[in-house]
Amino acid sequence: MKHIITLATALILTACGGGSGPAPAPDAQVDAVPLGATYSSAYAPMVLGRFKGNQTQFLVQAGLRFLGNGQTAPIPVKIYQLNSDGTMTDSTTDILGGAITLSTNVPLVADFNHDGIDDLFFPGFSDTQDLLPSVAFISRAGQSHARVDLPDPVWSHGAVVVDINRDGHPDVVNNSGEAWINDGRGNFTFRSHSWRDGLGMWMHGSGVCAGDFNRTGRSQLVITDQMLDPNIGPIADTVIFEIDDRGLPIAQHYLPVPVLDRNSTTTELSHDVDCKVADLNNDGLPDILVFSRPWARSGERWSNKGIVQVLINQGNWQFVDATDRATAGYNTNVLVSYTALITDLNGDGRLDLWSGFYDFSSGKANQAFLNNGSGTFTPVNQTLINSFNASGGMLPVKFGNQWAFVFSTMDTQRGVSLLYLTKPKYTF
């Protein structure tokens with residue numbers, strides 16, 4: 001749990017660190033072809049989008065300035081087109097107009113200008129003390145996306161696309177309640193912190209997600225890793241903020257404490273890096289997944305461990321912590337994903353979970369979890385997932401009816417993340 005600390009200290013303490021352990025030589029990867037290298041030994045966040053207005057999918061890979069290896073330069077952004085033959089083509093210049101470098105933790109994809117083509121938003125973030133500007137790329141007919149520089153410096157450990165002011169246009173909000181208000185044409189107006197001291201509402205954490213949790217017709221924000229002062233309010237890491245039509249908080253609801261904090265009220269045990277919203281049990285109410293890893297206190301190394309907390313919505317702002325039942329057998333020796341995927345992996349119409357990284361101690365990465373329809377997940381025990389050293393992250397991509405995997409492997413000696421693509425021949 002986090003308590004109120006100065007901003008400069010917060011920037012240092014909540015820096016996430018990277019994984020540990022040696023990376024195998026590139027030729028040790030089985031059944032995969034190299035796509036390229038990113039100059040950061042941190043994990044490589046990856047998201048999917050459609051940047052041509054048709055059914056063609058693209059994979060976006062970005063990265064952040066990483067404190068652990070002294071990497072201070074911005075990171076190249078790469079975009080790959082998923083071809084029907086199971087290969088990928090570097091389309092970075094085609095989509096972005098040329099080589100791009102920046103530092104971000106959570107690449108966002110949305111149609112900000114309502115033209116049926118996905119756009120990109122890279123909230124500024126660095127795993128150092130630096131506040132950084134953000135960058136958007138907005139689609140143009142027959143041309144590459146137009147770059148939009150957003151100069152306000154931020155520390156966006158998490159960010160989410162949500163229509164925060166209910167004007168029909170997707171906006172962006174980060175983990176501190178800072179927002180970029182979209183006019184519907186891909187022009188953004190920055191709004192600083194939306195905490196409201198007079199109402200005792202403070203928005204400053206690590207992760208953020210959004211949903212209409214009580215059928216109010218408005219989206220509400222979930223902030224994880226809330227930094228609260230135990231002397232003036234409840235000690236809780238995960239909070240739902242009700243939002244008014246201006247996009248400002250008007251009420252708050254405390255959720256069950258993260259799994260790693262269950263037996264503590266004074267120490268910082270859980271770093272709750274992200275959250276996701278989905279109706280996991282098909283009852284019409286959005287549920288919440290909180291992704292946590294053990295907090296590295298002073299002098300400690302960040303561990304490759306983590307857990308996913310399952311919070312089932314009961315209505316009236318009440319949530320039940322169903323983690324022990326819903327994810328029984330979860331491998332806690334695998335680092336949770338910062339860009340987890342909630343999608344139907346096996347084609348049964350239910351929302352499944354993809355999360356996790358490579359576990360150096362066991363050599364496995366149990367990352368796929370199938371939903372039985374009631375919000376209970378069963379881990380997929382497949383050798384295929386454990387065949388690759390996905391120490392920097394792994395994402396399933398679908399070619400027709402079969403899956404392939406894009407994964408990143410940290411090469412600590414070279415200070416790069418190597419990106420690979422497997423053959424599309426897998427099913428869940």
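Modeller: This is a predicted model. In it, salt bridges link Arg166, Arg218 and Asp245 in a network. The structure holds 11 salt bridges.

Biologist: Where does Asp244 lie, and which side chain does Asp244 meet in a salt bridge?

Modeller: Asp244 lies in the loop between strand E17 (239-243) and strand E18 (249-254). Its side chain meets that of Arg246 in a salt bridge, at 2.8 Å from N to O.

Biologist: Which salt bridge links distant parts of the chain?

Modeller: The side chains of Asp321 and Arg262 meet at 3.1 Å, N to O. This pair is 59 residues apart, with Asp321 in strand E22 (residues 318-321) and Arg262 in the loop between E18 and strand E19 (270-278). Asp321 is partly exposed at 24% relative accessibility, and Arg262 is partly exposed at 34%.

Biologist: How is a pair of aromatic rings described?

Modeller: One gives the distance of the centres and the angle of the planes. The structure holds 15 aromatic pairs. In one of them, Phe51 and Phe58 are 5.7 Å apart, centre to centre, with 45° between the planes, and the pair is tilted. Both Phe51 and Phe58 are buried.

Biologist: Which residues do ring pairs link into a cluster?

Modeller: The cluster consists of Phe112, Phe121, Trp180, Phe188 and Phe190. Phe112 and Phe121 are both buried.

Methods. Residues numbered from 1 in each chain as written. Predicted model: local features only at pLDDT ≥ 70, side-chain atom pairs only at ≥ 80, totals over all residues. Heavy atoms only, no water. Helix = DSSP H or I, 4+ residues; strand = E, 2+ residues; numbered from the N terminus. Phe/Tyr/Trp six-rings, centres within 6.5 Å; stacked < 30°, edge-to-face > 60°. Buried < 20%, exposed > 50% of the residue type's maximum accessible area, 1.4 Å probe, protein only. Salt bridge = Lys/Arg side-chain N within 4 Å of Asp/Glu carboxyl O.
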